Amino acid sequence: MLRVQPLSLFTDQARCHPFVELVRAWACHYPVSHAFAGSDADSELADSPRFGRDQETSIRDGFDKIYEVFWLNVFGPKLVNLVGRERMLSTPAHRVEELPNGCVLLVTWPIAAHFTHPEARLAQARALVHLRPELDFDTVLRSLHERNAALTPVEPRFPPDAAPLLSRVLDHGSMGERPRRTAELNAHPPPEPEEWLPADAALTSDVPDTQAALEHYSLMAEFLVSVLHSEVPSILEETPESLTDADFHFWVFRFPEIFERHHIDARLVPAIGAYLGEVLVRRLGGQWIPRKNTEESQVRVGSRVWLPFVRAHKAMRSCQALLDFSLTQLYRAAERHQV
């Protein structure tokens, strides 16, 4: 698979034509069962349960018949014979050419980047229904226009404190699902952190040995570093960015779903809370207020005290909770209220 970005590189026919000739030359010299070129986001939607086959079916069955027509298509001899050579060569399209090895090159529209234009979608629908006459033209065209709607860009409106993590989450997903996912995150932003108290309402320390408590928090934080340092090297630095990297790592690898709950609560949550507290101390000049009940332990930053262990407990409830109660957001909120 070859990805060329951005698609705006192919906004005129003068650039599209050499690419088509390149594919033609390649298809003439190498056996091709099926190949296509077009918008990556559009192809992801076409190969999704919302608009077409799911990925599992695609892997199992391959391209055993013509499921879709994109901007540029190369159909191998097997597919050509399945449709009928004469019928395939009579497909209404911008370019249809039989290649010396029995493949057929088909280009639906002159300009690749214009694939969402009404005329281009019309040509795409006509080509597909010609090759698959059992399909209903209006249904095919409607599905293509629905894909256009799904691909309409949505501007992120994330709370600034949560934006570093949510932007990473968006970038991790498929291009075809990005607008829908952006709209979902816009509609349900993470709540403002509630894991804090005014400094004058802070609980006083009740531990017999403050220094020993601080050393214990440090050791717990080091446990998280030992767990993550290979996959998340920034965790060694105890920075705001390392918190975002950790949030993202927990979310991508679905920690709350993969690991047993008693291990998460007994070892991981305390380590995450201690690490968050250490970053607040190191980067914002915070001061630990140790408590015998770890969840009551606080870090004073400016006019507030923050409860890092409570935040860690909330975050690790589920994968969605990792986004709703991220370490990143709490740190940024503490930073804003530092003075």
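This is a predicted model: local features need pLDDT of at least 70, side-chain atom pairs count only at pLDDT 80 or more; totals for chains, interfaces and linings use all residues.
Me: Why is R311 called buried?
Reply: Buried means under 20% relative accessible area, exposed means over 50%, and partly exposed lies in between (1.4 Å probe, protein chains only). R311 has 0% relative accessibility, so it counts as buried.

Me: And E195, buried or exposed?
Reply: E195 has a relative accessible area of 2%, so it is buried.

Me: What makes R311 and E195 a salt bridge?
Reply: A salt bridge needs a side-chain nitrogen of Lys or Arg within 4 Å of a carboxyl oxygen of Asp or Glu. Here the N to O distance is 2.9 Å. The pair therefore passes the test.

Me: Which parts of the chain does this pair tie together?
Reply: R311 lies in helix 14 (residues 308–315). E195 lies in the loop between helix 9 (178–187) and strand 5 (196–198). The two parts are 116 residues apart in sequence. Helices (H or I, at least four residues) and strands (E, at least two) are DSSP runs, numbered from the N terminus.

Me: How do you know that K314 also pairs with E195?
Reply: The closest N and O atoms of K314 and E195 are 2.9 Å apart, which makes a salt bridge. This pair links parts 119 residues apart, with K314 in helix 14. K314 has 25% relative accessibility, so it is partly exposed.

Me: What makes E97 and R24 a salt bridge?
Reply: Their closest N and O atoms are 2.7 Å apart. That value is within the cut-off, so the pair counts. E97 sits in strand 3 (residues 95–98) and R24 in helix 1 (residues 13–29), 73 residues apart. R24 is partly exposed, because its relative accessible area is 24%.

Me: Which residues form a network with this pair, and how many salt bridges are there?
Reply: E21, R24, R95 and E97 are linked in a network of salt bridges. The count for the model comes to 25 salt bridges.

Me: Why does D324 have no salt bridge?
Reply: Lys and Arg count as positive and Asp and Glu as negative; His and the chain ends are not counted. The nearest side chain of opposite charge to D324 is R311, 8.5 Å away. That is not within the cut-off, so there is no salt bridge. D324 is buried and is found in helix 15 (residues 319–324).

Me: What makes D324 and R311 a contact, then?
Reply: Contact means heavy atoms within 4.5 Å. Leaving aside neighbours within four places in sequence, D324 is in contact with P190, P191, R311 and Q329.

Me: Why does R304 have no salt bridge either?
Reply: For R304, the nearest side chain of opposite charge is E192, at 6.2 Å.

Me: What makes R304 and H337 a polar contact?
Reply: A polar contact is a pair of N or O atoms within 3.5 Å; within protein, one must be able to donate a hydrogen and the other to accept it, and residues adjacent in sequence count only if both atoms are side-chain atoms. The side chains of R304 and H337 meet at 3.4 Å, so the distance passes.

Me: How do you know that W288 is buried, and which side chain makes a polar contact with W288?
Reply: W288 has a relative accessible area of 9%, so it is buried. W288 is found in strand 6 (residues 287–289). Its side chain makes a polar contact with the side chain of E278, at 2.7 Å. The C-alpha atoms of W288 and E278 are separated by 8.5 Å.

Me: Why is helix 16 called mostly covered?
Reply: Seven of the ten residues of helix 16 (residues 327–336) are buried. Among them are L327, Q329, L330 and Y331.

Terms used. Residues are numbered from 1 along each chain as its sequence is written. Side-chain values use heavy atoms; hydrogens and water are left out.
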